[in-house]
Amino acid sequence: MTVSATPMNLTRAAHVGISVSDLDASIAFYTALTGREPVAEGTMSSVPFGTAQGLSAAKLRYATINLDGLGIDLIQFQEPVGERTNGKANRPGSMHLCFRVDDFDAVYQRMEEAGYDFLGDDYTFTAGEVTPDEALGTRVAYFNDPDGTNLEIIQPKGGFAS
């Protein structure tokens with residue numbers, strides 16, 4: 001396959017859409033995580049919008065939480081209702097959404113105090129386990145939202161700082 005060398009001006013992500021089973025529970029979770037309230041909430045009911053996504057129709061509720069440079073669209077499909085994917089980090093096709101944090105300990109503690117569990121202990125990249133060496137000291141923790149979406153918080157160093 002030949003890829004065009006023509007610039008496309010594709011420079012950043014606009015938003016990430018996350019399908020959820022309970023919009024209100026997901027709003028509470030993502031508000032606890034980000035410290036931000038939704039900037040928009042609404043409904044949509046459309047056959048053409050559904051077929052554009054490969055569905056027969058789409059009746060849904062949604063909420064948008066904005067971060068600096070990225071929107072998080074939480075979408076509860078009411079018709080057709082989907083099945084949970086149960087994605088795991090190592091399954092091809094699964095993805096994770098990573099949140100860059102300035103104060104790792106504060107975000108980690110806020111999530112624990114809100115009653116949300118991490119998948120394991122937080123981790124700091126050490127020598128012999130990651131390259132480049134500039135990435136040493138990067139801190140990460142992984143967790144899931146109420147529907148099992150894979151999430152990460154990161155306080156990056158060096159190669160992971162951009």
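Is phenylalanine 143 buried or exposed, and what is its relative accessible area? I started my notebook with that one, keeping in mind that this is a predicted model. Phenylalanine 143 turns out to be buried, because its relative accessible area is 2% and the cut-off for buried is under 20%.

**Entry: the core**
Next I looked up the largest nonpolar core, which has 24 residues. Phe143 is among those with the most contacts inside it, and so are Ile18, Tyr30 and Leu74. I then checked which elements supply at least two residues each, and found helices H1 (23-34) and H3 (104-113) along with strands including E1 (15-19) and E7 (139-144). H1 gives the most, with five residues. My background note: in soluble globular proteins, nonpolar side chains tend to be buried together.

**Entry: leucine 74**
I picked leucine 74 and skipped its neighbours within four places in sequence. Its contacts include Ile18, Leu23, Ile27, Tyr30 and Arg61.

**Entry: the rings**
I found seven aromatic pairs in the structure. Phenylalanine 118 and phenylalanine 143 make an edge-to-face pair, at 5.1 Å centre to centre with 65 degrees between the planes. Phenylalanine 118 sits in the loop between H3 and strand E6 (123-124) and phenylalanine 143 in strand E7, so this pair ties together parts 25 residues apart in sequence. Phenylalanine 118 is buried too, at 14%.

I also looked at tyrosine 123 and phenylalanine 125, a tilted pair at 5.7 Å and 50 degrees. Tyrosine 123 is partly exposed at 32% relative accessibility, whereas phenylalanine 125 is buried at 14%.

Last, I noted a cluster linked by ring pairs: Phe29, Tyr30, Phe104, Tyr108, Tyr116, Phe118 and Phe143.

How values were computed
Residues are numbered from 1 along each chain as its sequence is written. This is a predicted model: local features need pLDDT of at least 70, side-chain atom pairs count only at pLDDT 80 or more; totals for chains, interfaces and linings use all residues. Side-chain values use heavy atoms; hydrogens and water are left out. A nonpolar core is a set of buried Ala, Val, Leu, Ile, Met, Phe, Trp, Tyr and Cys residues joined through side-chain atoms within 4.5 Å. Buried means under 20% relative accessible area, exposed over 50%, partly exposed in between (1.4 Å probe, protein chains only). Helices (H or I, at least four residues) and strands (E, at least two) are DSSP runs, numbered from the N terminus. Contact means heavy atoms within 4.5 Å. Rings of Phe, Tyr and Trp (its six-membered ring) pair if their centres lie within 6.5 Å; planes under 30 degrees apart count as stacked, over 60 as edge-to-face and the rest as tilted.
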